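Work through the exercises below with the model open. Try each task before you read its solution.

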Amino acid sequence: MSFKPTPFWLTALAVPFFATPLLAIAEEATLSLPNEATVGVEVVEELAFESNQARLNDILLHPTQAAGASHSLPEYCVIVGSAQMVDERIRVTTQEATCIETNDADSDIFTGEFSASAYGEDGQYGIACEGIPCTLSPGQPFLLTLDQPVEIVEQDNPSAELNEQRRQADGEGIANPVPREEAVPD
């Protein structure tokens, strides 16, 4: 059997080269983290557990540098979770995240499910705590380990669309029309 270059063979050879940039663009529009990835976070406001308090809902976390983290989140990110005091350990679990990835003047918004749990430096579930009140404070980093892979698709960004319209220089932009060369009447 002899090899003859045909349009089919050229297409078969060329398509992977042209498809690669398209796949890269599609990946940029998704916030992805694998199962069991670890990210560094800290609380936004101090959490304090008193002796009669066992659970706090709707706590806010944001990314920070933490030793041992395998992955990082965008700088502008808020994670919503809950914390529970069990056997002198604060067990933090998360439900969702909203992250904004900035690229020069553009930004991508990601909002979706984010299932993760906090593990202490000793590798046990929950963050060790001694004494009452037991507190977690801003500036006290800890690791969240994902319970499942995260695949959050980029959300529509109405302000990015408005900014694009404003950047148009040919006079068609809604909030940034090109001024006329005529004098403005009194």
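The model is predicted, so local features need pLDDT of at least 70 and side-chain atom pairs count only at pLDDT 80 or more, while totals for chains, interfaces and linings use all residues. Residues are numbered from 1 along each chain as its sequence is written, and side-chain values use heavy atoms, with hydrogens and water left out.

**Exercise 1. The whole chain**

Task: Give the element order, the buried share and the surface of the protein chain.

Solution. 
- Step 1. Assign elements as DSSP runs, numbered from the N terminus: helices (H or I) need at least four residues, strands (E) at least two. The protein chain has two helices and twelve strands.
- Step 2. Read the order from the N terminus: α-β-β-β-β-β-β-β-β-β-β-β-β-α.
- Step 3. Sort residues by relative accessible area: buried is under 20%, exposed is over 50%, partly exposed is in between (1.4 Å probe, protein chains only). Of the 186 residues, 29% count as buried.
- Step 4. Compute the accessible surface (Shrake-Rupley, 1.4 Å probe; for residues, only the protein chains shown count as cover). The protein chain comes to about 12600 Å², and 53% of that belongs to carbon and sulfur atoms.
- Step 5. Count contacts (heavy atoms within 4.5 Å). Of those with a separation of 6 or more, 64% join residues 24 or more positions apart.

**Exercise 2. Arginine 55 and glutamine 84**

Task: Find which strands hold arginine 55 and glutamine 84, and what joins their side chains.

Solution. 
- Step 1. Locate them. Arginine 55 lies in strand E4 (residues 55–63). Glutamine 84 lies in strand E5 (residues 76–86).
- Step 2. Arginine 55 is partly exposed because its relative accessible area is 43%. Glutamine 84 is also partly exposed, at 32%.
- Step 3. Look for polar contacts (N or O atoms within 3.5 Å; within protein, one must be able to donate a hydrogen and the other to accept it, and residues adjacent in sequence count only if both atoms are side-chain atoms). One of 3.2 Å joins the side chains of arginine 55 and glutamine 84. The arginine 55 side chain makes another with the side chain of asparagine 57, at 3.0 Å.
- Step 4. Compare sequence and space. Arginine 55 and alanine 83 are 28 residues apart in sequence, with C-alpha atoms 5.7 Å apart. For glutamine 84 and alanine 54, the values are 30 residues and 5.6 Å.
- Step 5. List contacts beyond four places in sequence. Arginine 55 has Phe49, Ser82, Ala83 and Gln84. The partners of glutamine 84 include Phe49, Arg89 and Ile90.

**Exercise 3. The largest pocket**

Task: What is the volume of the largest pocket, and which residues lie nearest its centre?

Solution. 
- Step 1. Set up a 1 Å grid over the protein atoms alone. A pocket is an open set of points where a 1.4 Å probe fits, with protein on both sides within 12 Å along at least five of seven lines; lining residues have an atom within 4 Å of a point.
- Step 2. Read the volume: about 290 Å³.
- Step 3. Read the lining. It holds 13 residues, and Tyr119, Gly120, Glu121, Pro141 and Phe142 lie nearest the centre. Strand E9 (127–128) and strand E11 (142–146) are the elements that give two or more residues to this lining.

Key. Points joined across faces, edges and corners; volume = space filled by probe spheres on them.
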